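Me: I am new to this structure and would like to understand the terms used for it. Could you take me through them with care?

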Amino acid sequence: MGGAERSARKKKQAARAVAQARTSSGSDRTKVLAGIAVVAVLAVAVIGYVVFQQMKPSSSGNEAIPLAPADHTISAPAVRDGNTVLVGKDTASVTVDVYEDFLCPICGTFEKTYGASIKQAVDDGKVKVRYHILPMLNSKSDPPGYSTDSANAALCVADDGKFNAFHAALFAKQPEEGDAGYTKDQLIKLGKDVGVTSSTFESCVQNQTYKTQLDELMSKTSNDPVVRDPETGRFRGTPSVASGGKLVDLDNKNWLSDLTK
């Protein structure tokens, strides 16, 4: 092979080496830039999550549950009747059964939508409401069990005649499904804030005095033909409303006024 040919071959080899180096360098730069982009995205996500957590309502044991607006707090008498609470005047000719869970978001919407109208009808002596507070969504709070804790506390409060304000307050600032519910200490604090003075109230909440009765209520409700879905054979869920042994159609926005005609 002549010198000229060897020189030409070496030039070609050198050119290929330079091209490969450039390609490798470009690939490395791409990888570095991609890595930086991923880190940046993760940093933004972490910052966003921290900000979101800081903005969420706290459910710490030291936080007081605010009282509900007066226009949603029924003033008519409320008494515990077994494992339910009956609210209203003895002269009311219509009784409405409301099935709800303090963690149920649609129950919260129901209260916001119809709470003021129900209050007016009850306080006017047109309607009595029997509240079936169900421990249905225990697995939907973190830690589990808020449905039972809150329902039990409601019955404890009802023993002292302060159910209406307690009920309205828990729906006015309702914990989100999947998050932590209010602690027993917070429920006790709310009970005292609405005027409970019984010496046994705190132990009633802490010891879940009415847990057995609430479990019985849940079982009874699940088998009640009035609120059971005929197709599935299961309880229709919360909220459900019945009157006179018949399910109330909540798609009818005038259901309450229709019952009192």
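Me: What makes C156 and C204 a disulfide?

Reply: In this predicted model, the sulfur atoms of C156 and C204 lie 2.1 Å apart, and a disulfide is a pair of cysteine sulfur atoms within 2.5 Å, so the pair meets the definition. C156 is in helix 3 (residues 146-158) and C204 in helix 6 (residues 201-206), 48 residues apart, where helices are DSSP runs of H or I with at least four residues, strands are runs of E with at least two, and both are numbered from the N terminus. Local features need pLDDT of at least 70 and side-chain atom pairs 80 or more, while totals for chains, interfaces and linings use all residues. Residues are numbered from 1 along each chain as its sequence is written, and side-chain values use heavy atoms, leaving out hydrogens and water.

Me: Why is this disulfide of C156 and C204 called left-handed?

Reply: The torsion about the S-S bond of C156 and C204 is about -80°, and therefore the disulfide is left-handed.

Me: How do you know that D159 and R80 form a salt bridge?

Reply: The closest N and O atoms of D159 and R80 are 2.6 Å apart, and a salt bridge requires a side-chain nitrogen of Lys or Arg within 4 Å of a carboxyl oxygen of Asp or Glu, so the pair qualifies.

Me: Why is K261 called exposed?

Reply: K261 has 81% relative accessibility and therefore counts as exposed, since buried means under 20% relative accessible area, exposed over 50%, and partly exposed in between (1.4 Å probe, protein chains only).
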